[in-house]
Amino acid sequence: MQNTVLVVGGGPAGLSACAGVIGAGRNVVLVEKEDRLGGAPILSGYAKLVPSGEWAKDAIGRMVKHVEDSPAAKVYKSTRVVSLDGGPGNFTATLSNGEKVSAGSVVLTTGFTHFDSINKPEWGFGTFEDVMTTTQMEQMVASGKIACPSDGRVPERVCILLCVGSRDRQIGREWCSKICCTVSTNLAMEIKEISPQTDVFIYYMDIRTFGLYEDKFYWKSQEEFKTKFVKARIAEVTRAPDGKRLLVKGEDTLVKRPIVIPFDIVVHAIGMDPNLENTEIARVFGIGLEKHGFIDRAEHYTNTCGTTRRGIYVAGAALGPETIDDSISQGQAAASRAVADLYALVQKTA
Amino acid sequence: MAIHEKSLIDPDRIMTHESLVVDGVDVSGHWNTMVAPRFLGDYDDDFNRIIRQYPGGENVHRCWQCGSCTNSCTMYAQNTDFNPRYWIYLTNLGLKSEILKDKDIIWTCVSCNKCTNICPKDVRPEGVMKALAHWLEDEGHTPKTRSSIFDEEFTGQVLDHGRIEDAHVLLNFLRKTQQSYFQDWLIETVKRLMRHLPVRMLIVLGWNFVFTPKTHSWGRTGDVLREYVREQKEAAHARMKEAAHV
């Protein structure tokens, strides 16, 4: 009888799913395509996490250590699943290194891909050195020094543009990426903390710091850190006549006037795309994708972690834009379903 | 009008010159009309820091533009140009030139405080209106208000004499605000004083009016107070300047 759960993807959701399986006394095989565990927070070098304020490498590092230290976990890095045969209770996965893994159930925690800002060329990413993504700004914060990449000067003004790669029918992104508002308000505070002389502006259509993020991030960044919120969707970013600064052009919808405002750094609050490899993942695992390209759910209420194929579960940002905290919860939930399958199949055969 | 399109443009953006030379070419006459661009070209980052230094303006940066203040506003019901929500936004971004367009109505806030009661972020919009009105007056964008003129007259007399002389306060206030001395209510008041006040009191009144005596042993008290007030004002101004450059 199968005693093993296969987890695909070693980010927060996957690590949490592994911990869930280990905690239930079963074995887990974790397959990660990159050469290290931790997923986006580690691979992209996030700074302090929302809402704990803990450094990503510490918080996620703990999760990684828990799984790597467990004798019940077998971890494959730089490895992919190339095919999956069998069915519930008796899957066999073939890995890219040629090994075969038998598992009673599968949890997909294949995550997302950061939106590539190059797809919105009018906002200057790839054209101007001082236009960067939230991920890059997180790395700058982690380095402890805020400076313009072009010439190293300390920025007088930084602006963060929200909804880059989200809520944009023009580029086929008809979803809200959910976390960028909170991440951006958090980032605004981190910038101000490191560089008090820098003023931070956030250009928004709506502010969606949902739940308890409202006062801890939105209000706090506005009230204590004096972040300025401007209601405008930016039309384009160009070079200022001085050859150094950037001009942010758009319409301030509250003043009902065009604006052309100079900034030193422009940050794109990039959204969460479906994993670039989702079509391949769907083919290998025989599962369906929903209309945006994320992994489809089986049924919302009784099998919320289920994919459209029995015995295969899914958690985290593979399902759609998700927070790290909720990805971790979903990882636990998916693990409990996956382990329940092992037990249910034992009972059936007994 | 020679160029009819001018009517499509805000008057304050049309620039005409009696004579003008551009790149060595004399363009005096009809054809030197220029139109200032419509876009907003910069924010004044110091402005909201300055307004936050004024009593009442401390929380202006908290605003998230819900519009509850404008919705509840007594003055907005009278005049839809009176829009506290909008001015708070302009203050926070430092769009000073836009605020100056409304300088002549900001002071008309009646301090009913409905906005302050309804504000979900504790911005205290009524205080912001006061702060803006004071800033406009301090910067000379609006003339001194009558209440400021009255305060100055009153304080001046106290500092000079240790007391006020009612008739002097009144008459000087009327003079400085270009109002007639012959107010109906004032004439009536004087008539009744003459009719009903004991003669001895009238003599005292008249004596004080003419000789404006000082309070007993007032001495240099007024000078000391004046110096203290000046110092305090300077310190407040310095604080404001400093805050604006942090």
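How many residues of chain B are in contact with chain A? Keep that in mind as you look around; this is a predicted model.

**Stop 1: all of chain B.** You can look for 13 helices and 4 strands here. Chain B has a radius of gyration of 25 Å, while the globule rule gives 18 Å for 246 residues, so the chain is more spread out than a compact globule. Turn the view slowly: along the principal axes, the C-alpha trace covers about 75 × 50 × 40 Å.

**Stop 2: inside chain B.** Now think about burial. Of the 246 residues in chain B, 19% count as buried. Next, consider contacts between residues at least 6 apart in sequence: 64% of these in chain B join residues at least 24 apart.

**Stop 3: where chain B meets chain A.** Show both chains, and here is the reply to the opening question: 16 residues of chain B are in contact with 17 residues of chain A.

Stop 4: Select residues 146–161 of chain B to find helix H9, which has 16 residues. From the first C-alpha to the last, H9 of chain B reaches 23 Å, close to the 22 Å expected at 1.5 Å a residue. What follows H9(B)? Step on to B:Gly162, where phi is positive, near 75 degrees.

Key
Residues numbered from 1 in each chain as written. Chains lettered and ligands numbered in written order. Predicted model: local features only at pLDDT ≥ 70, side-chain atom pairs only at ≥ 80, totals over all residues. Helix = DSSP H or I, 4+ residues; strand = E, 2+ residues; numbered from the N terminus. Rg over C-alpha atoms; globule rule 2.2 N^0.38 Å. Buried ≥ 20, exposed ≤ 12 C-beta atoms within 10 Å, placed from the backbone. Contact = placed C-beta atoms within 7 Å. Expected span 1.5 Å × (residues − 1).
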